[in-house]
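This briefing covers charged side-chain pairs. Inspect the sequence and the coordinates before reading the points below.

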Amino acid sequence: MSIPKGVSTTNITPTWVERMSMRRWYAISGDAPEMELQPTAPGTRYLIDSDPARDPELNPARTPKERLRRLLGREPKSPWHGRAGFSAITEGWNGAAYASRYGPGGSMIVYGGGHNDYFGSDIHAFDLASREWRRITDGYVSGRDDEYGAGALYPDSVYPDGSPLPPHTYDYVQYDPRGNDYILFKGQTELGPNVKAIAIPHLFNLDTLTWRHGPQHPTAILNAGGWTTWDASRRVVWGHSGDDGGGNAFIGFNPDCDSGNGAFGRWTDRFPNKLPGIANHNAMQIDPVRDIIVVSVHAHDALYAIDPADPGREIERLESAGLKPVLRPYAAMEYAPNLACLVYFSPLDGGIVYTIAPASRRHSRGELVEKWSWHACQPTVDTLDPIADAASRSRYPVNLSQTFGRFRIASFGAIDVAILVRHIDSPVYAMRLN
């Protein structure tokens, strides 16, 4: 069953969650899902099933060469294909977000492209309740070849249909449950080898299935490799630029006000790069109870803290205890509300999920918790390894080390579940954490 346009609901627990044993990875979609789940209808089992290039109404064969390609059973090409094509929506430095109010059990929202890899602005949702993939917007599919990629300039970072040019999203995407908005922290004015980024945020509303955008920041440079977290109490997406291309900002964006001239939301003050030279491809997450932003800094193999109440304050190194892994680039960091702790995941750790909790309470605003304890949620011995399993199933080149926001936590009552999207032709995986 598809997710109807405009449906926003309070979460219900998907029936398959009750079947899960703790700390065991399960394939919950695809041709042969586990837990004796039945496959969903053909055309909904994999992300690739909703590729707009496969829809002949959206992408008719325009040339004799393309008609021959399709007669020979080859993958269809489209004007928005780019160098890698649709597989780049996961493999091209792209993340995802979990939208708790889209569908009865929430949905994983997938979007992205970037550089020379993929120029499509289509958005896709994996509905946790039905375990089905759906394309929820087609994106800009009516353009000519010269309206995509190098030389196709869009000063406001949007295509003619209003959708943003798809960047490598890295960890630049978050979700606002109150507004039911998927938030992209930055824009692009050109794709292709001469890719140009711009500090214009974009918001996709999951009630109306429409895009709007924020104002351009006059001085922030939000280029490759950045990372964000959603601060629900302040209603701010905090974002840190990567180092590439002169990234220069730790900054926040609040989506709530009308900025005028068709823009929505406002930027906070811009603060300097807090990790110059080592900012690329970290991950950060706010602990909403302790009101601390914790950053996984892989170049120093250490955790750091940012104070959201004093965002101009210097970043501080935190001490770790327990079973801390080697911290990796492209990893994910989330918050599990029922476990009341942070969760760290890298695909290079053999499917292990790590929890991180402070060893002591924060006693004052000026004091950041100094020591954080790590615990390994080791998968049971008979569980599959989702990284190896997904790679063995995919017929496309895969980036094994990249996760970004394609690992998220979905909470149902007192249960926290880790959700993992890997490749366009592999299942979605899930682990019950408590």
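A salt bridge here is a side-chain nitrogen of Lys or Arg within 4 Å of a carboxyl oxygen of Asp or Glu. The model is predicted. Across the whole structure, the search finds 25 salt bridges. Side chains of opposite charge can pair when their charged atoms come close.

**R144 and E147**
- R144 and E147 form a salt bridge, with 3.6 Å between the closest N and O atoms.
- R144 is exposed at a relative accessible area of 52%, whereas E147 counts as buried at 16% relative accessibility.

**D349 and R328**
- A salt bridge joins D349 to R328, the closest N and O atoms being 4.0 Å apart.
- This pair links distant parts of the chain, 21 residues apart: D349 is in the loop between β21 (341-345) and β22 (353-358), and R328 is in the loop between β19 (316-322) and β20 (332-336).
- D349 counts as buried, with 12% relative accessibility, while R328 counts as partly exposed at 28%.

**E334 and R408**
- The side chains of E334 and R408 form a salt bridge at 3.2 Å, N to O.
- E334 belongs to strand β20 and R408 to strand β24 (residues 407-412), so the pair ties together parts that are 74 residues apart in sequence.
- The relative accessible area of E334 is 10%, which means E334 is buried.
- R408 is buried as well, and its relative accessible area is 6%.

**A network**
- Salt bridges also link R54, E75 and R395 in a network.

Technical notes
Residues are numbered from 1 along each chain as its sequence is written. This is a predicted model: local features need pLDDT of at least 70, side-chain atom pairs count only at pLDDT 80 or more; totals for chains, interfaces and linings use all residues. Side-chain values use heavy atoms; hydrogens and water are left out. Buried means under 20% relative accessible area, exposed over 50%, partly exposed in between (1.4 Å probe, protein chains only). Helices (H or I, at least four residues) and strands (E, at least two) are DSSP runs, numbered from the N terminus.
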